[in-house]
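Please look through the sequence and the model shown below before reading on.

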2 protein chains.
Amino acid sequence: MKLVTIDDVRAAAERIRPNVVRTPLLAARWGDRERPLWIKPENLQPIGAFKVRGAFNAIGAVRENSDGRDAVTDVVAYSSGNHAQAVAYAAAAFGLRAHIVMPEETPEVKVAATRGLGARVVLCAAGQREAVAEQTAHDTGGVMIPPFDHPDVIAGQGTAGLEIAEDLPSVRNVLIPVSGGGLASGIGTAIRALCPAAKIFGVEPELAADTAEGLRLGHRVDWPVGDRNRTIADGLRSQPSELTFAHLQQVLDGMITVSEAEIRSAVRELVHRAHLVAEPSGAVALAAYRQGVTPPGDTVLILSGGNVEPQMLRQILAD
Amino acid sequence: MKLVTIDDVRAAAERIRPNVVRTPLLAARWGDRERPLWIKPENLQPIGAFKVRGAFNAIGAVRENSDGRDAVTDVVAYSSGNHAQAVAYAAAAFGLRAHIVMPEETPEVKVAATRGLGARVVLCAAGQREAVAEQTAHDTGGVMIPPFDHPDVIAGQGTAGLEIAEDLPSVRNVLIPVSGGGLASGIGTAIRALCPAAKIFGVEPELAADTAEGLRLGHRVDWPVGDRNRTIADGLRSQPSELTFAHLQQVLDGMITVSEAEIRSAVRELVHRAHLVAEPSGAVALAAYRQGVTPPGDTVLILSGGNVEPQMLRQILAD
């Protein structure tokens, strides 16, 4: 299987530069003395999550590869989360039509937010997302932009790792949330190439720890979706594809799993000490850091996104 | 009176570069269509507020101007707020001793935070801060670092304006919280020089609107401290000095005052839409933007700080 390379990540960085925020690496002086803590705040991206990196790279590559006569005019994605808004946002920036397939039970606020970005939302029955998305792509001639299972998406997410290597060459640990694995695959690829002394850890909720188990066993495992859906970290309920799993096997030094209570505590700590709002999925890397199990040295955590419902944030802060 | 110049601000930027965050300018796509909104998130600085800019510039200048025999070893400041922590933090970075004078009624959490940065805290009776600080400076041979009434502090705060001019030359409006006026003096100086088409607005709580009244009358006015202390925006209860007032007369196009309800609403909006935690004082510029009274065009608001007590943040989010 052909894996993404550091050159792919570098090309992605050039491609997405005008459209994404080069997020600062923030020194959190309230970290441990032995393991100085740095935060990569991807919640500051447009739409509030790292997903714009992959979306702009994938859609940008599609446009470069289509010529005048067969120029692409439509893109299709299935997602009820940050990927939906990222594709809608990137498509609008390029003047393309976006068709986003979402399950009927998606909260109205997320449907409205996606429409607000100019996308057409196609609602479908639970479990039908992929089939409906393929049909939509067929009907519209649109190109499918998958949430993680694509080299251009992985390379796009990896640009965050490129920035870390530029800003903190001395980095010794990088902690990255893992769901479908696109973010950890991309960042891991960049850090492996540029900071070979650094250890790279994926982080999962205990309630959706399929990747931790899979890497231990040496092959992907399936956890029932009903099990994975128990975690409050709703952005971490997906599982790697063959492509991302192969990357994770290559680039990760280990996995750390965190409890629901640790996730909630990490959201609070980020609000009160870093002045940053993280969604639960975005806070798992801090939860892992707080376990104190990683080697000494400069430690970067990826705060992957900030889209938390007001009601849930209030509950977490009141705990 | 000699005012700070753009060259002073440029020199400050060189001086503080290694120690402060070059905060990104964040496009907030949820702003008005007519007045695209941009946020300068100074809550991401070490200690959570813009004050580190002025502190590093002032202390850095003191060190450059002291020679080996008379080298400065101590600095003194009086503040119960962000300036206290900024001076403590900057002094520690330079290996200097910091003596911070605070009123006895200062919340223990702020005293502890300041001590946690390595400073010696000198508690004093209410209203005695300046006298005790002068005595402390005399006793220790320390150099006083005022919170706003000093050209080096003003020039340091102005570096945020330099960054705005670099990142968004097309800026048409800049909205800046005003208390002692150091931040608005510095940013105003930079924007006036580099973006002459931009309008610069100061923002105050209605309950502490001494500067709005003073600029209207053409001279500084004193509001009773008991009146000013009514605002929830505890960082905006000071009044300009002769020096900062002269700058504000020169650089501001106008003042906007905001209600307590508007301030609380702006804190909520920043949390839920920008994923940023602002203290009430840090949110007033968004409150002013929401009044819709500024001219069309790209509008930058300064989110000046994020140090809000957990209990107060919970209350505001529950409103």
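## Where the chains meet

How many residues does the contact take from chain B and from chain A? The model is a predicted one, and in it the contact takes 24 residues from chain B and 24 residues from chain A. Between chain B and chain A an area of about 2000 Å² is buried, and carbon and sulfur atoms give 68% of this area. Of the area that chain B buries against chain A, 31% is supplied by R29(B), L44(B) and H275(B), which is more than any other three residues supply.

Between chain B and chain A there are 10 residue pairs in polar contact, counting pairs with both residues at pLDDT 80 or more, while the count of salt bridges between these chains is zero. On the side of chain B that touches chain A, at least two residues each come from α3 (82-94), α11 (260-274) and α13 (310-318) of chain B, and α13(B) gives the most, with five residues. Sorted by class, this side of chain B has 15 nonpolar, seven polar and two charged residues.

## The nonpolar core

In soluble globular proteins, nonpolar side chains tend to be buried together. The largest nonpolar core of this model has 74 residues, and of these I39(A) and I39(B) touch the most other members. If residues up to four places away in sequence are not counted, I39(B) touches P24(B), L25(B), L26(B), A28(B), W30(B), L270(B), A274(B), L276(B), L301(B) and L303(B).

## A buried histidine

H99(A) is found in strand β4 of chain A, which covers residues 97-103. Is H99(A) buried or exposed? H99(A) counts as buried because its relative accessibility is 5%, and buried means under 20%.

The side chain of H99(A) makes a polar contact with the side chain of D74(A), at 2.6 Å. Leaving aside neighbours within four places in sequence, the residues in contact with H99(A) are D74(A), V75(A), V76(A), A77(A), R120(A), T136(A) and T140(A).

## Salt bridges within the chains

Over all chains the count comes to 31 salt bridges. One of them joins R15(A) and E64(A), whose closest N and O atoms are 2.9 Å apart. This pair links distant parts of the chain, since R15(A) is in helix α1 (residues 6-16) of chain A and E64(A) is in helix α2 (residues 51-64) of chain A, 49 residues apart. R15(A) is partly exposed, with a relative accessible area of 26%, whereas E64(A) is exposed, with a relative accessible area of 51%.

In chain B, E42(B) forms a salt bridge with R53(B), and here the closest N and O atoms are 2.7 Å apart. Because E42(B) lies in the loop between β2 (37-41) and α2 (51-65) of chain B and R53(B) lies in helix α2 of chain B, the pair ties together parts that are 11 residues apart in sequence. E42(B) is buried, with a relative accessible area of 0%, and R53(B) also counts as buried, at 0% relative accessibility. A further salt bridge is formed by the side chains of E242(B) and R220(B), at 3.2 Å from N to O. E242(B) lies in helix α10 (residues 242-251) of chain B and R220(B) in the loop between α8 (210-217) and α9 (225-228) of chain B, so this pair ties together parts that are 22 residues apart in sequence. At 34% relative accessibility, R220(B) counts as partly exposed. Elsewhere, salt bridges that share partners join D32(A), R35(A), E269(A) and R290(A) into one network.

Note on methods:
Residues are numbered from 1 along each chain as its sequence is written. Chains are lettered from A and ligands numbered from 1 in the order in which they are written. This is a predicted model: local features need pLDDT of at least 70, side-chain atom pairs count only at pLDDT 80 or more; totals for chains, interfaces and linings use all residues. Side-chain values use heavy atoms; hydrogens and water are left out. A nonpolar core is a set of buried Ala, Val, Leu, Ile, Met, Phe, Trp, Tyr and Cys residues joined through side-chain atoms within 4.5 Å. Buried means under 20% relative accessible area, exposed over 50%, partly exposed in between (1.4 Å probe, protein chains only). Contact means heavy atoms within 4.5 Å. Buried area is the accessible area (1.4 Å probe) that two parts lose on being put together, summed over both. A salt bridge is a side-chain nitrogen of Lys or Arg within 4 Å of a carboxyl oxygen of Asp or Glu. A polar contact is a pair of N or O atoms within 3.5 Å; within protein, one must be able to donate a hydrogen and the other to accept it, and residues adjacent in sequence count only if both atoms are side-chain atoms. Helices (H or I, at least four residues) and strands (E, at least two) are DSSP runs, numbered from the N terminus. Ala, Val, Leu, Ile, Met, Phe, Trp, Tyr, Cys and Pro count as nonpolar, Asp, Glu, Lys and Arg as charged, and the others, Gly among them, as polar.
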